[in-house]
Amino acid sequence: MRSSLRFAAPVFVAGLIGAGAAVPAVASGSQPVLAAQSPQQLVSEILGARPAAVSGSLEWAPDLGLPSLGELASGGQGIPSAGGIGLTGLLGSDQSLRLWADGSDERVAIVQSLAEVDLLRRGSTVWVWDSSDQQVERYVLPSGAEPAQPPSASAPFDPQSVAAAIVSHLESAGTTLGVAARPVYVAGVPCRVLELRPTDTTASTVSSVDLAVDARNGVVLQVVLRAAGQATPALSLGFTSVSFTSPPASVFAVPAGSSVSTRLGAPGSGQLTGAPGGSGWYAYAPLSGRSYPSGAGGSAPQVLGHGWSSVLGLSVPATSPSFAELSALGHQVSGSFGSGRLVRSSLLDLLVLPDGHLLVGFVPPAVLEADAATLGG
């Protein structure tokens, strides 16, 4: 059996899920000239950076080589989704985003060709707005369920939040730190690049995580995950334009003329995702180390293992349409854990078990299968 069993919450992936995704790292034809800094200095900057306000445009780009996910891309039953944008939609296609935060209120806009989905937080109340039908869903945490910190709308989509979660929870003994020889520009801003690599190259499908750190204030403007054996980034999330001035108050207003309905909880499969340190709307970021409270009608997602080889365990009803669709993907595998369906990509692998359990991680199939054998033990 593996040495630990923990609970974890997403940051991007979202969220983060993000783990976290292809913004060109260099936005100009030359590299900036910056004073040298050690990896430890950059880590300290990332953990200490707390901009009071930020706004800008971002690009999220996955290149996982996943097979077609069919209707799951619109957020099937039992799969986290909000406003028609689900986990598989984020993993399967590029997204343009807008982000506004002023230190208390937050708004994220997921921009599509003919529509927009917005996540808006004011205090502990969250609104999800879908422009395609002018519907607003208002989410309120039930009495007694308020977290130590309010849920975050921006965390899974904010490179700074994603990066801080990663460097906070990676085990130093299992991670090699370095600084790229060449600084880069991101959104026209000079940045140093902190490189994180798993020491055990067999423990994860991740080759490296590159964090582009604003040389002016230590804020991370881009997060890039690279998969072993793949030249292009597997996941990238980064600003294409950014400002650290306070956004106008009008951007935090619920759209006038919309129909508003109120629900208890937070967006995403009935889970109350407001864990201390922030939360995410989507799974999965295996490096986050955060926690899920239990959701209605089932146990909380669990993380088996730790660090680079952590695996997220989810459960969906074995009678649901989503499970039927997932069970048709990949190919049949069997072992000491029993049998299941394995879906492979360059970075993210998924094991679907007949009882509705899903194991997903930035790990080789052997790790998923070993963890599957421990379920129920």
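**Charged pairs and a helix**

Modeller: R122 has a relative accessible area of 41%, so R122 is partly exposed (buried is under 20%, exposed over 50%, partly exposed in between, with a 1.4 Å probe and protein chains only). Keep in mind that this is a predicted model, where local features need pLDDT of at least 70, side-chain atom pairs count only at pLDDT 80 or more, and totals for chains, interfaces and linings use all residues. Side-chain values use heavy atoms, leaving out hydrogens and water, and numbering runs from 1 along each chain as its sequence is written.

Biologist: OK, what does R122 form a salt bridge with?

Modeller: With D105, at 3.2 Å between the closest N and O atoms. A salt bridge here is a side-chain nitrogen of Lys or Arg within 4 Å of a carboxyl oxygen of Asp or Glu. D105 sits in strand β7 and R122 in strand β8, 17 residues apart; strands are DSSP E runs of at least two residues, helices H or I runs of at least four, numbered from the N terminus.

Biologist: And D105, buried or exposed?

Modeller: D105 is buried, at 11%.

Biologist: How many salt bridges does the structure hold?

Modeller: Seven. One of them joins D214 and R216, with 3.0 Å between the closest N and O atoms.

Biologist: Switching topic: which residues of α5 are buried?

Modeller: P365, V367, L368, D371 and A372. They lie on the same side of α5, because their arc around the axis is only 160 degrees, taken from the directions from the helix axis to the C-beta atoms.
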